[in-house]
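User: I would like to learn how to read a protein model together with its DNA. Could you take me through it one feature at a time?

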Amino acid sequence: MDKGIIAIYEALLDAYGPQGWWPVAGSYHQGDYGYPRNEKEAFEIIAGAVLTQNTAWTSVERALENLRGIDALDPHKILTLSLDVLKSAIRPAGFFNQKAIYLMEMADFFVGLKGRTPSRKELMSVKGVGNETADSILLYAYKRPEFVIDAYTKRIVTSLGLAERKAGYMELKNLFESNLPGDVALYQEYHALLVEHAKRFYSGKARESSGVFVDFLRDLSY
DNA sequence: TCCCAGGTCTATG
DNA sequence: CATAGACATGGG
């Protein structure tokens, strides 16, 4: 048991306040963990989870807006589109050739669920859904207590000495889940806070000086 | 001009 | 198992 995991959460929440992830219906909803409120919003989160793979969220927003513009932020509608139309809509999000295929398959998978919550294993069987996308979908679209590990999170915990650089996804996921109560709102907020913190201290130029600056979390990671 | 962004897949050893 | 290369647009 590593109390640092909880101490870090408290320090981040204190520093940044509630983040209000995941953006739904085009906007953030700080401190409101009630989303999604229907199937359509759930699919919007799922589409965003696929589109944001290795891509800045501002680019994802453009793609989502394009889809919304042709009323295609909807799995049934996506299934009626040609691959080329889908590609041109999501173009701003990059990797559009493969993401169009991923979205098409995800739409088919989602419709086939008929409202049922998929298992992690089922999600991972869909092309384009790896560990992080599966957990993001389960945590934010289905409100299941699955901790999301992204590149930012890994940078932070390895930098703080809480994990080895070679640590795999499941190892890091377990580090958080074994030290926290399985609470959906907590998992959502914690992940969002880690991203916010990493954007300030561990991304872009800040990353280069990561050996120089002092992360205020360092003393908490015992 | 070059690096980066809320990863995943495929091929190779 | 683990690691490299491919995938693509937009902002700093």
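User: Which residues does Ile156 touch, not counting residues up to four places away in sequence?

Analyst: Keep in mind that this is a predicted model. A contact here means heavy atoms within 4.5 Å. On that reading, Ile156 touches Leu194, His197, Ala198, Tyr202 and Leu217, with residues up to four places away in sequence left out. Ile156 itself has its place in helix H9.

User: Is Ile156 buried or exposed?

Analyst: The general idea is to compare the relative accessible area with a cut-off, and buried means under 20%. Ile156 has 1% relative accessibility, so Ile156 counts as buried.

User: How far apart are the C-alpha atoms of Ile156 and Lys199?

Analyst: They are separated by 11 Å, while the two residues are 43 residues apart along the chain.

User: Now the DNA. Which residues come nearest to DNA strand B?

Analyst: To read such a surface, start with the residues that have a heavy atom within 4 Å of the strand. There are 25 residues around DNA strand B, and Trp22, Gly128, Thr133, Tyr152 and Arg155 come nearest. Then ask which helices take part: helix H6 (96-113), helix H8 (131-141) and helix H9 (151-159) each supply at least two residues of this surface. By class, the surface near DNA strand B has 10 nonpolar, 10 polar and five charged residues.

User: Which part of DNA strand B faces the protein, going by the atoms within 4 Å?

Analyst: Of those atoms, 70% belong to sugar or phosphate, and the rest belong to bases. A polar side-chain atom of Lys127 is 3.0 Å from a phosphate oxygen of DNA strand B.

User: Thr133 was on your list for DNA strand B. Where does Thr133 lie, and which residues does Thr133 touch?

Analyst: Thr133 lies in helix H8. Leaving out residues up to four places away in sequence, Thr133 touches Ala49, Val50, Gln53 and Gly128. With Gln53 there is also a polar contact of 2.9 Å between the two side chains. The relative accessibility of Thr133 is 7%, so Thr133 counts as buried.

User: Which residues are around DNA strand C?

Analyst: The residues there are Asn54, Ser59, Arg62, Arg91, Pro92, Gly94, Phe95, Phe96, Asn97 and Gln98. Helix H3 (57-69) and H6 each supply at least two residues of the surface near DNA strand C, and H6 gives the largest share, three residues. Sorted by class, this surface has three nonpolar, five polar and two charged residues.

User: How much of DNA strand C within 4 Å of the protein is sugar or phosphate?

Analyst: Of the atoms in that range, 60% belong to sugar or phosphate, with the rest in bases. An N or O atom in the side chain of Arg62 is 2.3 Å from a phosphate oxygen of DNA strand C. For a polar side-chain atom of Arg91, the corresponding distance is 3.1 Å.

User: What does rolling a probe over the atoms show?

Analyst: Rolling a probe the size of a water molecule over the atoms shows where empty space is left. In this model, the largest pocket holds about 900 Å³ of space. Of the 30 residues that line this pocket, Thr52, Thr55, Glu132, Asp150 and Tyr152 are the closest to its centre. The largest share of the lining, five residues, comes from H11. The lining divides into 13 nonpolar, 12 polar and five charged residues.

User: How many cavities of 30 Å³ or more are there?

Analyst: The count comes to one. The largest cavity has about 60 Å³ of space. Its lining includes Trp21, Trp22, His29, Asp32 and Gln188. By class, the lining of the largest cavity has seven nonpolar, three polar and one charged.

Definitions and conventions: Residues numbered from 1 in each chain as written. Chains lettered and ligands numbered in written order. Predicted model: local features only at pLDDT ≥ 70, side-chain atom pairs only at ≥ 80, totals over all residues. Heavy atoms only, no water. Polar contact = N/O pair within 3.5 Å; in protein donor to acceptor, adjacent residues only side chain to side chain. Helix = DSSP H or I, 4+ residues; strand = E, 2+ residues; numbered from the N terminus. Nonpolar A, V, L, I, M, F, W, Y, C, P; charged D, E, K, R; others polar. Buried < 20%, exposed > 50% of the residue type's maximum accessible area, 1.4 Å probe, protein only. 1 Å grid on protein atoms, 1.4 Å probe; cavity = no way out; pocket = protein on both sides within 12 Å on 5 of 7 lines; lining within 4 Å. Points joined across faces, edges and corners; volume = space filled by probe spheres on them.
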